[in-house]
Every structure is written in C-alpha cells, then in structure tokens.
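Dear colleague,

I am passing on the structure we spoke about, and my notes on it follow below. Please read them with the sequence and the coordinates open beside you.

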Amino acid sequence: MVKDLSVELLGYEMKNPVIPASGTFGFGWEFAEYYDIDILGSMSLKGTTAEARYGNPLPRIAECTAGLINAIGLQNPGVKAVIEEEIPRLDKVYRGKVIANVGGHSVEEYVLTASAFNTCDKVFAVELNISCPNVKGGGMAFGTDPEIAKNLVYEVKKSVTKPLIVKLSPNVTSITDMAKAVADGGADAVSLINTLVGMRIDLRTRKPVISVRTGGFSGPAVFPVALRMVSDVARAVSVPVVGIGGVSSARDVIEMMMAGACAVQVGAANLVDPFACKRIVEELPLVMEELGINSLKEIIGVANA
C-alpha cells in the first residue's frame with residue numbers, strides 16, 4: 001500500500017513533515033548540490049535580522065558526546081539581502097514554500113524584519129525566534145518571560161500578514177506557560193524546542209571552548225527532553241505544534257508526531273550529515289510499513305490520548 005506522508009501546517013499542504021531547522025541548512029540552496037531538495041516538506045531559513053550580522057567571534061562550535069554546542073550568533077546578511085538575493089536563488093532549486101525565521105534585539109526590530117516578508121510569495125509562514133540562547137540583548141531575553149513574549153507576539157501580529165510560528169526555549173520554568181502566553185498573544189503555531197544552554201571547557205587552556213562561554217546544546221541527547229515538552233505543549237494549547245530537538249531518524253519523526261507534532265524540524269543532524277533529511281524522508285515509508293501506519297495525519301497526538 002502507498003503510504004501517505006503528507007501533512008498540513010497553517011493551511012500549507014506539505015508532501016511530508018520533514019523541515020530542516022533554521023540555522024542548520026543555510027538558505028537551502030547550498031544543499032541542492034548534494035541532493036534534490038524538492039523532496040523536503042519545507043524548510044526554515046537561516047535566522048534573519050533587520051541588518052546584516054557577523055555573529056559571535058570564533059570559536060563558536062564545540063563538539064559533545066551526543067550532540068554539539070553552537071554560538072553562531074545569528075550571522076546573516078540582513079533581511080533585504082535575504083529577500084532580494086537568497087530567496088530568489090533558492091527558488092531556482094526548490095519549488096515549495098518556506099518558513100522565514102526572524103530574530104531581533106527589540107520589539108521594533110522583530111516587527112520590521114517579520115513584516116518585510118509580507119509580500120514574499122515564497123514564504124508561507126514566519127517563525128519568530130524568541131529563544132536563541134547565544135545572542136546578547138535579544139533572542140532568549142524575549143523567550144523566558146510569558147508576559148513579555150505575549151506582548152511581543154501581539155505587536156508583531158499587528159504588522160505581519162503571514163501565519164506566525166513562535167519558536168520556544170526549553171530554558172524556562174514552564175514551557176507550557178510560555179506556549180499559552182504566545183498563543184494568547186496571537187501565535188498561529190509554536191515550534192519547540194530550541195537549544196538547551198550548555199558549555200565545554202578546553203582542558204589544556206582551562207578556558208571555555210566557546211568564545212562567549214556558553215551556547216546552544218543540540219543533538220540526539222536532547223531528544224527525550226524535546227519529546228516531553230512537545231507532548232506537554234500539545235496537550236496545553238490548541239494551535240499546531242512543530243517538534244524540534246535531536247531528531248535524526250524516521251523513527252524520531254514518528255515519535256514526535258505521536259507526541260503531538262504536526263510537522264518536525266531536523267537540526268543538528270544536518271550539520272553532521274548533509275544527507276540527513278533526505279535519508280529520513282526515504283526511511284519514513286519503510287518505518288510506516290513496519291508499524292502499520294498508512295497516513296501520518298492519523299498518528300498526530302495519539303500518545304496524548
């Protein structure tokens with residue numbers, strides 16, 4: 001029997017639930033030299049700010065036993081260049097629509113950058129990153145206080161015509177409180193989790209490996225934490241949930257969907273293996289056959305019943 005991998009996210013029909021996560025797949029076109037990226041359900045573009053950013057000083061990557069720490073710091077060419085150069089370049093090699101990921105240091109910057117995508121047909125949704133743990137003066141500063149997050153979302157929604165996904169941080173006391181707050185503020189969906197805060201020390205220099213001391217820890221080690229939070233949030237809010245965190249196989253995708261995710265983002269796995277998303281998409285029908293699943297839509301949230 002032919003397996004139905006299709007899912008719907010905010011009115012956009014995707015051929016499968018696999019979405020490369022922001023910051024791990026560039027602007028998409030870079031991966032077209034490895035494989036036909038048209039097989040992907042969608043993709044979340046590299047985090048974009050109003051003006052170009054170099055990011056944090058080097059070094060900003062540290063390897064870990066079951067993952068990695070990054071402190072890139074939202075390096076990007078700025079929203080004007082993303083819309084005028086990066087997205088048209090992607091459009092030549094990818095026919096689907098994408099998610100624009102937006103970061104900022106202030107409410108005004110979030111509003112300015114997010115609303116710039118209003119007239120960009122290639123973008124079907126904007127993902128508001130309020131959870132970046134390695135950007136000083138922004139990012140996670142908005143993602144740890146429910147009331148501040150709610151107000152930010154409310155202000156962005158006034159100017160943004162695209163559906164709004166809010167990316168949540170796990171570095172909070174209650175991620176369900178955060179999810180409820182942004183939903184109350186007008187979020188159309190939530191994505192979670194972003195990275196946990198971590199660090200490594202160079203035993204020879206006796207100093208932190210990362211130049212800014214700490215960064216975002218991601219990879220297979222965070223999967224059980226992410227899965228629990230996705231399940232908790234899916235039970236707490238009525239808006240769609242996109243699952244992220246340590247996903248590296250088709251089985252992980254299915255587990256995330258059973259926990260309540262309607263789509264799944266793949267992050268650190270892309271940095272280890274550029275073919276990770278391709279492999280996951282190809283494995284999905286085989287695992288579905290093994291588990292007696294005919295349609296992925298049928299399993300969303302079944303573990304929360």
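Counting salt bridges as a side-chain nitrogen of Lys or Arg within 4 Å of a carboxyl oxygen of Asp or Glu, the total comes to 13 in this model, which is a predicted one. One of them joins Lys80 to Glu84, where the closest N and O atoms are 3.0 Å apart. Both of these residues belong to helix H1, which covers residues 79-91, and they stand four residues apart along it, about one turn of the helix. As a general point, side chains of opposite charge can pair when their charged atoms come close.

Next, the packing of the helices. Helix H3 (residues 146-159) takes part in a contact with helix H4 (residues 175-185), and there the two axes lie 7 Å apart at an angle of about 30°. Because angles under 35 degrees count as roughly parallel, H3 and H4 are described as roughly parallel to each other. The crossing of H3 past H4 is right-handed. On the H3 side the contact is made by Pro146, Ala149, Lys150, Val153, Tyr154 and Lys157, and these meet Asp177, Met178, Ala181, Val182, Asp184 and Gly185 on the H4 side.

H3 also packs with helix H2 (residues 107-115), the axes coming within 9 Å and crossing at roughly 35°. This crossing, of H2 past H3, is right-handed as well. Here Val107, Tyr110, Val111, Ala114 and Ser115 of H2 are in contact with Leu152, Glu155, Val156 and Ser159 of H3.

A further pair is formed by helix H6 (residues 250-258) and helix H8 (residues 276-291), whose axes come within 8 Å and cross at roughly 65°. Since 65 to 115 degrees counts as roughly perpendicular, H6 and H8 are roughly perpendicular to each other. H6 passes H8 in a right-handed crossing. From H6 the residues in contact are Ala250, Arg251, Val253 and Ile254, while H8 contributes Ile280, Glu283, Leu284, Val287, Met288, Glu290 and Leu291.

Most residues other than glycine have a negative phi, and most peptide bonds are trans. In this model, however, the peptide bond from Leu58 to Pro59 is cis, with omega near -10°, and Pro59 sits in the loop that runs between strand E3 (18-20) and strand E4 (61-64). The bond from Leu192 to Ile193 is likewise cis, with omega near 5°, and Ile193 is found in the loop between strand E9 (189-192) and strand E10 (196-198). Leu10, although not a glycine, has a positive phi of about 55°, and its place is the loop between strand E1 (7-9) and strand E2 (12-14).

Finally, the surface. Met199, Ile201 and Leu203 together make a nonpolar surface patch of about 320 Å², and Ile201 of that group is located in strand E11, which comprises residues 201-202.

Notes. Residues are numbered from 1 along each chain as its sequence is written. This is a predicted model: local features need pLDDT of at least 70, side-chain atom pairs count only at pLDDT 80 or more; totals for chains, interfaces and linings use all residues. Side-chain values use heavy atoms; hydrogens and water are left out. Patches are made of residues with over 30% relative accessible area and no salt bridge: like charges are joined within 9 Å, nonpolar side chains (Val, Leu, Ile, Met, Phe, Trp, Tyr) within 5 Å. Accessible areas come from the Shrake-Rupley method with a 1.4 Å probe; for residues, only the protein chains shown count as cover. Helices (H or I, at least four residues) and strands (E, at least two) are DSSP runs, numbered from the N terminus. Axes are lines fitted to C-alpha atoms, for helices over the stretch in contact, and angles run from 0 to 180 degrees between N-to-C directions. Angles under 35 degrees count as roughly parallel, over 145 as roughly antiparallel, 65 to 115 as roughly perpendicular and the rest as oblique. A crossing is left-handed if the near helix is turned anticlockwise from the far one by less than a right angle, and right-handed if clockwise. Contact means heavy atoms within 4.5 Å.
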